[in-house]
Amino acid sequence: MTEPYAKDSPDAAAADWLLRQQQAPDDPALHAELQKWLQQDPNHWRSWQRAQQVWQLTASLAPLPQPGHSRQRRWRYPSALAASVLLAIVISQNLVHKHPQYHSDSQPEQITLTDGTRVFLDAGTELDVSMADDSRQLELHKGRVFLQVSPDASRPFQVSTDDLTVTVTGTAFLVDTDTRRNAVQVREGQVRVVHPDGPEVTLNAGQQLAANQCRHNCVSTVDSTQIAEWQSGYLTVQDQPLTSVLAELGRYQSGYLWLRSPELGQKRVTGRFKLDTPDAALRAVLGPYNARINSVSPWLTIISD
């Protein structure tokens, strides 16, 4: 129900860094690489701290030394160790997670707000809604939504994410918090978007803004018929990297996908897959590459070549 743990995702990478540190605790080059990775993104530091806490709280593992501290112990099964750390991170996140006002698990859901606005939540989506006499606000914490907003010029409808603010009076559009895209796509009407990479942008029907895929002009055209195709229960991809396809299928899995091979992740995929049978879709996507699928638990599936 969430994006997969690709090899370079923060939590999976943090688990790998833990393993590498255990294998070479006195390696100055490794320590320098770790520090560089931590400084690249605040999410890296948060994942590293979470991984250390999980490691220390796991009864079967001894306390983790800080970078630069020597340690003699070595682990015989690095893949199993990395998987166990990542699995512990996954479980801990689910156990302490606080549910927002609305959320969908491994299947899309639909809600109708008091003003008649219809909100379609894709799998793995979390949001809060606030309706007032002079405003309508939806805070999208995670995932993506497609909205058919009831017209009301006196009460603009505003959707906000960590990076984007979308304002409308009445239209049909999609907002996607995926960190690879951070996108808004308009099927009908018009929206105004405020984003961190530039000034306010007006989008019309058939246009999209992908804030994480541009530097200056972030607006491009999009086929309106393919916006929020997941509402029909299908995923259509054309020459997309495997990592992107797994990110889509990962929304509909009950647990997390961890892609161990960067080379495998760059393989290209074309096809149309049914989202109501995600396990079959996963096998269909990976079949041409003879990839191995190892279900460690209901929480975690490891994919390798």
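Author: Happy to; what follows takes the sheets and cores of this predicted model in turn.

Reader: Why are S1 and S12 said to stand at the edges?

Author: The open sheet has seven strands in the order S1-S4-S5-S7-S8-S11-S12, with mixed pairing. Strand S1 (102-103) and strand S12 (198-204) each have a single partner strand, so one side of each lacks a neighbour in the sheet.

Reader: How do you know that S16 and S19 pair, and in which sense?

Author: Four bridges link S16 to strand S19 (residues 300-304), in the parallel sense; pairing needs at least two, so they qualify. Here Trp258 stands opposite Ile302 in S19. Helix H7 packs on this sheet, touching S16, S18 and S19, and its direction makes about 145° with that of S18.

Reader: What makes the set of 28 residues a nonpolar core?

Author: Members must be buried nonpolar residues joined through side-chain atoms within 4.5 Å. The largest such set has 28 residues, and Phe146, Trp230, Leu249 and Ile303 have the most contacts inside it. Elements giving two or more residues to this core include helix H5 (242-250) and helix H7 (278-286). Apart from this core lies another, of 27 residues, among them Val129 and Leu203.

Reader: Which residues does Leu249 touch, leaving out those up to four places away in sequence?

Author: Leu249 touches Leu235, Leu275, Ala281, Leu282 and Val285.

Terms used: Residues are numbered from 1 along each chain as its sequence is written. This is a predicted model: local features need pLDDT of at least 70, side-chain atom pairs count only at pLDDT 80 or more; totals for chains, interfaces and linings use all residues. Side-chain values use heavy atoms; hydrogens and water are left out. Buried means under 20% relative accessible area, exposed over 50%, partly exposed in between (1.4 Å probe, protein chains only). Contact means heavy atoms within 4.5 Å. Axes are lines fitted to C-alpha atoms, for helices over the stretch in contact, and angles run from 0 to 180 degrees between N-to-C directions.
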